[in-house]
Amino acid sequence: NTNLRPIYRGLLFGFHEVHEVAEETISPLCEDLEWFQHLNKISMGLINLLRSTVDAAEDESTESSTNIELKPGVWPPLQQDHIIDNLVARACKLDDASLEVHRGVICALQLSNDLSMLPLCIPSFEELFERNSFVQHISVPIPPNEYQIAFIDTALQLKASHVGETSVNRSILEDVVSLGRSWGMDKSM
């Protein structure tokens, strides 16, 4: 979150809003298509990892997992770790819907360079990629609004116009399906 968030925030809202990264360093990298696609792939993997922790946290009981049973005769002797206890106490619960919205935005960035319709697709667009945006509830309209459908249609037409063959790159289709899923669409739409 601390390393990737400022890059996406800068891309979406301008680097004048982001002080953690320098525009002169990041902009040339983001203009390199291969580097940017690799960044998006890593970001998607991290968001999927974070989503799996949300799922795991829901499966655990509400009892704290940091309480350990101290057993005599065990070497080295087990003891409470105050640093870990403090980290667990300060940890914030991630919001699964927010993670999914951020995942959808990364898919949208993969599909289109024209992001002018994106603020219309996500009502709380200004809150994306802020420091605490993964823990704040951010959602998209369900059923999908006309801007979301138009964004995906435009992205599909753009990708189709670049394909000179009868086959389509599977990763493009996966990005479209993933974005549609993030926005609550099914394949029939």
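Let's start with Phe-129. It sits in the loop between helix H6 (118-121) and helix H7 (146-162). Keep in mind that this is a predicted model. The backbone there is worth a look: phi of Phe-129 is near 60°, a positive value in a residue other than glycine. Is Phe-129 buried or exposed? Its relative accessibility is 2%, so Phe-129 counts as buried.

Now, what does Phe-129 meet? Take Arg-5, which is found in helix H1 (residues 5-13). Arg-5 and Phe-129 are 124 residues apart in sequence, yet their C-alpha atoms are 5.2 Å apart in space. Beyond residues up to four places away in sequence, Arg-5 touches Glu-20, Phe-129, Glu-130 and Arg-131. And this arginine is buried: relative accessibility is 8%, and the cut-off is under 20%.

Next, the rings. The structure holds 2 aromatic pairs. Tyr-8 with Phe-129 is one of them: the ring centres are 5.1 Å apart and the planes are at 25°, so this pair is stacked. What does the pair tie together? Tyr-8 lies in helix H1 and Phe-129 in the loop between H6 and H7, so it links parts that are 121 residues apart in sequence. Both Tyr-8 and Phe-129 are buried.

Then Phe-13 with Phe-125. Ring centres are 5.1 Å apart, planes at 55°, so that pair is tilted. Phe-13 lies in helix H1 and Phe-125 in the loop between H6 and H7, so here the parts tied together are 112 residues apart in sequence. Phe-13 counts as buried at 18% relative accessibility. Phe-125 counts as buried at 5%.

Leave aside its neighbours within four places in sequence. Leu-12 is then in contact with Val-105, Leu-109, Leu-115, Leu-118, Phe-125 and Phe-129.

That brings us to the core. The largest nonpolar core has 39 residues. Which residues have the most contacts inside it? Leu-12, Val-105, Leu-118, Ile-122, Leu-128, Leu-179 and Trp-183. At least two residues of this core come from each of H1, H2, helix H3 (33-59), helix H5 (96-111), H6, H7 and helix H8 (170-182). H5 gives the largest share, 8 residues. As background, nonpolar side chains in soluble globular proteins tend to be buried together.

Helix H2 (residues 23-31) has its own pattern. Ile-26, Ser-27 and Cys-30 are buried there. Why are they on the same side of H2? Because they cover an arc of only 100° around the axis.

A word on cysteines. Cys-107 is buried, at a relative accessible area of 1%. Cys-121 is buried too, at 0% relative accessibility. How many disulfides does a search of the whole structure find? It finds 0.

Finally, the whole chain. Its secondary structure comes to 8 helices and 0 strands. From the N terminus on, the elements run α-α-α-α-α-α-α-α. Of its 189 residues, 34% count as buried. The chain exposes about 12,200 Å², and carbon and sulfur atoms supply 54% of that. Last, the contacts between residues at least 6 apart in sequence: 71% of them join residues at least 24 apart. Arg-5 and Phe-129, at 124 residues apart, are where we came in.

Key. Residues are numbered from 1 along each chain as its sequence is written. This is a predicted model: local features need pLDDT of at least 70, side-chain atom pairs count only at pLDDT 80 or more; totals for chains, interfaces and linings use all residues. Side-chain values use heavy atoms; hydrogens and water are left out. Buried means under 20% relative accessible area, exposed over 50%, partly exposed in between (1.4 Å probe, protein chains only). Helices (H or I, at least four residues) and strands (E, at least two) are DSSP runs, numbered from the N terminus. The arc is that of the directions from the helix axis to the C-beta atoms. A disulfide is a pair of cysteine sulfur atoms within 2.5 Å. Contact means heavy atoms within 4.5 Å. A nonpolar core is a set of buried Ala, Val, Leu, Ile, Met, Phe, Trp, Tyr and Cys residues joined through side-chain atoms within 4.5 Å. Accessible areas come from the Shrake-Rupley method with a 1.4 Å probe; for residues, only the protein chains shown count as cover. Rings of Phe, Tyr and Trp (its six-membered ring) pair if their centres lie within 6.5 Å; planes under 30 degrees apart count as stacked, over 60 as edge-to-face and the rest as tilted.
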